[in-house]
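Please keep the model in view while working through the numbered points.

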Amino acid sequence: MQSWRGKSLWLALSASWLLILLRVFPLLRLAVPARPWASAPQGWPRWLDTELLPSFSQPGELPEDAPQPPQAPRGGGCDWGACFDASKCRTGGLKVFVHPVAGPISASHRKILASIESSRYHTASPEEACLLLFLSLEVPAGECSPVPQQWNGGRNHLVLDLHPAPCPQTFQLGRAMVAKASPTVDTFRPGFDVALPLLPEAHPLRGGAPGQLRQHSPHPGVPLLALAEERGGWRTAGTDPSTCPWDGRCEQDRGPEQTHPGGTLPNATFCLIPGHRPDALHFLQALQAGCIPVLLSPRWELPFSEVIDWTKAAIVADERLPFQVLAALQEMPLTRVLALRQQTQFLWDAYFSSVEKVMHTTLEIIQDRIFGASAHASLLWNSPPGALLALPTFSTSLSDFPFYHLQWGSRPVGRFSALIWVGAPGQPPLKLIQAVAGSQNCAQVSDRFFPHRAISTDAILSLDAHSSVTTSEVDFAFLVWQSFPERMVGFLTWNHFWDEAQGGWGYTAERANEFSMVLTSAAFYHRYYHTLFTHSLPKALRTLADETPTCVDILMNFLVAAVTKLPPIKVPYGKQHFEATPPLVPGGPEPQPTARDCINQMAAGFGYMPLVSSRLRLDPVLFKDPVSVLRKKYRSLEKP
């Protein structure tokens, strides 16, 4: 009998320990799905890998990884099909009219108006517009901004609300969409409203500060955790498993800590952000710093959750389980940490670093709803350079863009088109045309810097009437471009520099090892940049290029560098050709003041200096090697 009782007790204890192990050990890891989900009701990252840490919600609340049936919108009865008339947008595309603002406005609102008015979406005519934007101003607590006269029940209206304080009179919205900063999950209407980030008052109009990530992997000297504090700023804490960094019920002996004031970005691998709304501002700080946001039971909708796959950049955790979450963060593979941190930098730069990018992203989301099947694919939104720089009006096929060949392991095929700028009427450059047409890769010759429908090749060779190139130089440059289709590949180079004496930017054509621009008088680039040049650049910069031809070279280099974050590539150019000099300066390397102003005006128009310097030149194999000329493919490149 005692033996039977002993065995029963041993079996009971073994079963109890087994249950404990099965319930605890899966909680020691965090998993973020590697692909987005379909028809998700909201944009929070979700746990779908059952072999690792399951969701902190109850099992019955877990959504399946298959398409979900339509659900009733939260916070009202409006959805896109019922409350927006998209037929008005199908003829002229998305055109936005901003209702006049009565009374004084804040600096943030002025930046918003400026960013919209300078965009390709803006129109000054309400009859031409298919979207009317109403800017909700700051009013006393508990009140709402009065609606404009041409309200029409809110139909085809977008109410822009940057303030976290809710307006109680929601019935005034009617059929209007709401773009609100950090909306609560219970009032946000997925697929109809737009969740905005909570922007600080000093957020820049355009450009913006770059991401601050300098090291992708955790470093022994960098803290693992930073905790957002209610009064602003960050506090870094140790990782002693006997304490927890955010739960007041835990022991408070957290070891060495560092306090960062509100204006200082966190310096840690993971940023713990409590879920209540005032901490939404910390979310952007974490993105800029390259600190992976760990959102603790959030109660607000993630910004642009309709299109951004936040599973690739953020983590959601339950603030009630500090020990398990802490252990899971410590066990996360370094490869996963690297991927998450890299994605935070991309998202910050593409959509959040300036007011202009935030507003343009908002309008691009609405335009995608209008386009339907012709809208951006998820890959365009969630991989560089981002949806704002990959226009669906150019193509809906990813292979037509220059940015995705590396991901696919492919390269552009076919031949190139030569576009020659002649300028004033005169004799055609017959010698140049003969040299270019002699290339077996040349398909056609045309004018330049316009997205001509006749241009069917991906590669464009831009020339002017005074260019001088040989067929071998053209062939080799085209071969190089096929390996780097997102970049400009050219023969003549300039370099930019900061002029302390003048307090501005300058550039020079002196021959040196370093360069940051190639002249479009002899350069290869992808035809998609014609579409961006014509339809995406700010109106002021396009006007500057039209009125000042000397600025065209700089503007095209600015555009490509801003998209790729990479320098151009230089290829060999024979000494027998003319030397590169800045425009309108035939005798020397120093540009005239009017030409020097181009680079400063464009830096102001972009909001920052996008040019990237390089010292790389690509030469053919055996170039200038002491071997037989018969073994060299591009023999004429070495002729004096």
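Which residue in β14 is the bridge partner of L419? The bridge partner of L419 in β14 is S462.

1. Basis of the note. This is a predicted model, in which local features need pLDDT of at least 70 and side-chain atom pairs count only at pLDDT 80 or more, while totals for chains, interfaces and linings use all residues. Residues are numbered from 1 along each chain as its sequence is written, and side-chain values use heavy atoms, with hydrogens and water left out.

2. The chain as a whole. The protein chain contains 15 helices and 20 strands; these are DSSP runs numbered from the N terminus, helices being H or I with at least four residues and strands E with at least two. Of its 640 residues, 51% are buried, where buried means under 20% relative accessible area, exposed over 50%, and partly exposed in between (1.4 Å probe, protein chains only). Among contacts with a separation of 6 or more, 72% join residues 24 or more positions apart; a contact means heavy atoms within 4.5 Å.

3. Strand β14 and its neighbours. Strand β12 (residues 416–421) runs parallel to β14, and 6 bridges join the two. On the pairing with strand β19 (residues 522–526), the strands run antiparallel and 5 bridges join them; I460 has Y525 as its bridge partner in β19. Two strands pair if DSSP finds at least two bridges between them.

4. Burial of β14. Strand β14 (residues 459–464) is largely enclosed by the rest of the structure, because 6 of its 6 residues are buried. In a regular strand, side chains alternate between the two faces of the sheet. In β14 both faces are covered: A459, L461 and L463 are buried on one side, and I460, S462 and D464 are buried on the other.

5. An exposed loop position. A373 lies in the loop between α7 (355–371) and α8 (378–382). A373 counts as exposed because its relative accessibility is 82%. From C-alpha to C-alpha, A373 and T396 are 9.0 Å apart in space, and they are 23 residues apart in sequence.

6. The largest cavity. Its lining consists of R487, M488, S516, N557, V560, A561, T564, L566, P567 and P568. A cavity is a set of points, on a 1 Å grid over the protein atoms alone, where a 1.4 Å probe fits but cannot get out, and lining residues have an atom within 4 Å of a point.

Definitions and conventions. On a 1 Å grid over the protein atoms alone, a cavity is a set of points where a 1.4 Å probe fits but cannot get out, and a pocket is an open set with protein on both sides within 12 Å along at least five of seven lines; lining residues have an atom within 4 Å of a point.
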